Amino acid sequence: MEEDAPDVLVVGAGAAGLSAALVLARVRRRVLVAGWGEPRNAPAEEVHGFLSRDGTPPAELLAAGRAEVERYGGRVVAGEVRALRRGTGPAGGFEADLAGRTVRARRVIVATGMHDELPDLPGLRERWAREVLHCPYCHGWEVRDRPLGVLAPAGNEQRAVHQALLVRELTDDVVFFGEAPDDTDRVALTARGVRIEPRGAAGLVVEDGALRGVRLADGSVVPRAALFVPARPVPHDALLTALGCERDASGLVPVDPAGRTGVPGVWAAGNVVDPTAQVVVAAAAGDRAARAVNLDLIEEDLTENGRREQQR
């Protein structure tokens with residue numbers, strides 16, 4: 001591989017990015033993966049819902065992924081891509097600023113992920129991915145049959161209702177902290193056996209290194225072992241928008257089922273364009289994007305070969 005001229009530059013070394021790189025490396029594409037920040041699930045102790053990898057620590061899963069990519073000739077570097085732009089040379093493609101050098105690639109897959117923005121409630125961030133959770137599918141089994149809560153932040157009450165209806169499947173003791181958005185939601189929560197606590201949550205009670213309860217505005221405490229919170233997803237999509245990708249009404253960069261963006265030559269996969277994707281879904285999205293990119297490169301080569309034949 002020419003040191004700084006891969007066929008495909010993958011920005012982001014999480015599940016989506018590494019999965020894309022693995023597929024591309026196995027079909028002998030020159031692929032470079034540039035790490036970007038910390039993965040969304042870094043604070044979690046284990047990955048769940050990933051067939052054959054359930055219970056694997058996130059860092060261990062990614063380390064195995066990096067080794068697999070490199071086994072097939074792909075390169076993985078830890079540097080951050082600070083800028084991404086259209087190529088200025090005759091070959092076109094894209095240029096990226098990476099660790100003090102310029103990397104040129106024919107295609108780009110952006111898999112930079114996202115982070116969760118939590119409500120401004122004292123103690124939430126410190127207990128994040130411990131007893132403060134966001135996904136019943138990811139973490140519900142570990143807190144089953146215990147007294148659980150669901151926080152309804154202002155402006156995000158509807159997602160909190162959805163979470164509470166899911167969490168009720170894990171235990172018969174669920175408290176919804178906040179006002180239900182409307183009568184329909186109130187009836188649904190009550191029918192599911194979820195207790196509504198309209199007094200405002202003021203903070204968490206933590207003792208001996210573990211969550212013990214939720215403190216209300218009046219000072220009283222509702223004992224809870226874990227609290228589900230609908231965090232606000234913040235995609236790391238600055239590189240995409242800098243290339244000309246536009247966000248849709250939901251605030252996300254839209255992609256087709258294969259991850260193709262509206263900018264030719266640019267794909268995106270994983271949480272950067274799908275905040276709901278669990279690790280296994282993000283990995284699958286990287287796989288789909290890689291296959292589409294490989295076919296796109298083949299089509300470009302066929303077109304270029306045809307053009308050369310006509311010029312002879």
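Guide: Angles under 35 degrees between axes count as roughly parallel, over 145 as roughly antiparallel, 65 to 115 as roughly perpendicular and the rest as oblique. Please keep in mind that this is a predicted model.

Visitor: How is a pair of packed helices described, and at what angle do the axes of H1 and H2 cross?

Guide: Two packed helices are described by the angle between their axes and the distance between the axes. Here the axes of helix H1, residues 15-26, and helix H2, residues 58-71, cross at roughly 20 degrees and come within 9 Å. H1 and H2 are therefore roughly parallel to each other, and the crossing in which H1 passes H2 is left-handed.

Visitor: Which residues of H1 and H2 meet?

Guide: From H1 come Ala15, Leu18, Ala21, Leu22 and Ala25, which meet Leu62, Gly65, Arg66, Glu68 and Val69 in H2. Sorted by class, the contact of H1 with H2 has 7 nonpolar, 1 polar and 2 charged residues.

Visitor: At what angle do H1 and H8 pack?

Guide: The axes of H1 and H8 are 7 Å apart, and the two helices pack at an angle of about 40 degrees, which makes H1 oblique to H8. The crossing of H1 and H8 is right-handed. On the H1 side the contact is made by Ala15, Ala16, Ser19, Ala20, Val23 and Leu24, while the H8 side contributes Val279, Ala282, Ala283, Gly286, Asp287, Ala290, Arg291 and Asn294. The residues of this contact of H1 with H8 divide into 9 nonpolar, 3 polar and 2 charged.

Visitor: Where is Val150 placed, and what is its relative accessible area?

Guide: Val150 sits in strand E10, residues 148-151, and is buried, with a relative accessible area of 0%. Leaving aside neighbours within four places in sequence, Val150 is in contact with residues including Ala160, Val167, Phe176, Leu227 and Phe228. Although Val150 and Gly178 are 28 residues apart along the chain, their C-alpha atoms are separated by 8.7 Å.

Technical notes
Residues are numbered from 1 along each chain as its sequence is written. This is a predicted model: local features need pLDDT of at least 70, side-chain atom pairs count only at pLDDT 80 or more; totals for chains, interfaces and linings use all residues. Side-chain values use heavy atoms; hydrogens and water are left out. Axes are lines fitted to C-alpha atoms, for helices over the stretch in contact, and angles run from 0 to 180 degrees between N-to-C directions. Helices (H or I, at least four residues) and strands (E, at least two) are DSSP runs, numbered from the N terminus. A crossing is left-handed if the near helix is turned anticlockwise from the far one by less than a right angle, and right-handed if clockwise. Contact means heavy atoms within 4.5 Å. Ala, Val, Leu, Ile, Met, Phe, Trp, Tyr, Cys and Pro count as nonpolar, Asp, Glu, Lys and Arg as charged, and the others, Gly among them, as polar. Buried means under 20% relative accessible area, exposed over 50%, partly exposed in between (1.4 Å probe, protein chains only).
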